[in-house]
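Welcome, and please take a moment to look over the chain before reading on. The tour begins at a pocket and then moves through the helices and cores.

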Amino acid sequence: MGLAIPLGALAAAIHRSVQTSRQIIEQNQQNIFSNYLEHRRYFLAYMEEHQPFEQISVSAPLLYQRLFPNSAEGALNPNEESIAHFLEVAEGTADTAAQRVETQLTERRFKIIDDELAAFLIGSTKALQQFVSIENLDEKEFLKDPLTILPRILRQNLDAAKGLVESANFHKNYVKQYDFDEMEKKTQACLDAIKPIQKLYNLWRMIWGEVSGELQSNPHQPLQNRLSSVKQNMESNRMTTNDLRIIFKYHLNDNERTTILEHGPDMWRAILADTKSGGDN
């Protein structure tokens, strides 16, 4: 009987303590959720106002979810490990591309066939897919059309690298400021080197596509008409007879040259007859 009062007081104290603890937990959870909502709201507003990505299309809500995966639990810091991985692969891609373009790409050879470069392009695409929705890339796709794929991926990587760092640091510098100078220089060097070769490459793809039957513009038209259309396209893009000589000499095989002699425009046949074969490079 004598212990009834103190035990009752103790039980009441414990009950109040449990209630207080529960209230604190609930309040903390409410604060975390409020902070998450505010953080997300400010991020979406920041993305709309600043638009840190120029080359690629980005869904801001999806990017927030992937960039700050634990924000709903109170961790407002970005996924630094995945960002660092993408930056590393993107820099490696630009470096490898610059080396291959400098050593492999010429008027006589515009087929960049390199497993290491293909692996970097595929790797940087997969690393970027951790944050944004972009198309897959495989080695066959790159080898089939390297001078179209390579500039696109290099621009995409540079734009994404800058955009991810800016987005991750939109309210606080979690990711250290990255020096993009080397990546920019190597990317621009590749683009500058590829640009004059690109027109030759495009001309080759048009001619080769028609005479080989692999990329026919209109299968219902005779080959002679299709090649005449290529000639008109070439003239409208101010391509010269010297460009044709390069294509005929270095980038067509004997069967393709024979097909042009049989079905090509008169001027093409004259140029081809005067051009000695340099082999298919």
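## The largest pocket

The largest pocket has a lining of 13 residues, and those nearest its centre are Glu54, Gln55, Leu158, Asp159 and Lys162. Two elements, α6 and α7, each give two or more residues to that lining, and α6 gives the most, with 5 residues. The space in this pocket comes to about 220 Å³.

A word on how such a space is found: on a 1 Å grid over the protein atoms alone, a pocket is an open set of points with protein on both sides within 12 Å along at least five of seven lines, while a cavity is a set of points where a 1.4 Å probe fits but cannot get out; lining residues have an atom within 4 Å of a point. Grid points are joined across faces, edges and corners, and the volume is the space filled by probe spheres set on the points.

## What kind of model this is

This is a predicted model, in which local features need pLDDT of at least 70 and side-chain atom pairs count only at pLDDT 80 or more, while totals for chains, interfaces and linings use all residues. Residues are numbered from 1 along each chain as its sequence is written, and side-chain values use heavy atoms, with hydrogens and water left out.

## The chain as a whole

How many helices and strands are there in the protein chain? There are 11 helices and 0 strands, where helices (H or I, at least four residues) and strands (E, at least two) are DSSP runs numbered from the N terminus. Along the sequence the pattern reads α-α-α-α-α-α-α-α-α-α-α.

The protein chain has 281 residues, and 39% of them are buried. Here buried means under 20% relative accessible area, exposed means over 50%, and partly exposed lies in between (1.4 Å probe, protein chains only). Among contacts (heavy atoms within 4.5 Å) between residues at least 6 apart in sequence, 70% join residues at least 24 apart.

## Two nonpolar cores

A nonpolar core is a set of buried Ala, Val, Leu, Ile, Met, Phe, Trp, Tyr and Cys residues joined through side-chain atoms within 4.5 Å. The largest one holds 41 residues, of which Phe110, Leu150, Ile207, Ile247 and Phe248 touch the most other members. Two or more residues come from each of α3 (80-104), α4 (115-128), α6 (146-168), α7, α8, α9 and α11. The most come from α7, with 9 residues.

Leaving out residues up to four places away in sequence, Leu150 touches Ala97, Val101, Ile112, Leu117, Leu121, Phe142 and Ile194.

Helix α8 spans residues 223-236, which makes 14 residues, and reaches 20 Å from its first C-alpha to its last, close to the 20 Å expected at 1.5 Å a residue. That expected span is 1.5 Å times one less than the number of residues.

Which residues of α8 are buried? They are Leu223, Arg226, Leu227, Val230 and Met234. These residues sit on the same side of α8 because they cover an arc of only 95 degrees around the axis, the arc being that of the directions from the helix axis to the C-beta atoms. They pack against α7 (181-212), α9 (241-250), α10 (254-263) and α11 (266-273). On the face turned away from the buried side, α8 carries the exposed residues Gln232 and Ser236.

Most residues other than glycine have a negative phi. Just after α8, Arg238 takes a positive phi of about 60 degrees, although it is not a glycine. Arg238 is in the loop between α8 and α9 and counts as exposed because its relative accessibility is 74%.

Gln51 is not a glycine either, yet has a positive phi of about 45 degrees. Its place is the loop between α1 (4-50) and α2 (60-67), and Gln51 is exposed, with a relative accessible area of 56%.

Gln198 touches Leu147 and Thr148, not counting residues up to four places away in sequence. Between Gln198 and Phe110 there are 8.5 Å in space, C-alpha to C-alpha, although they are 88 residues apart in sequence.

Arg245 belongs to helix α9 and counts as partly exposed, at 32% relative accessibility. Neighbours within four places aside, Arg245 is in contact with Ile271, Asp274 and Thr275. Arg245 and Leu272 are 27 residues apart in sequence and 7.1 Å apart in space, C-alpha to C-alpha.
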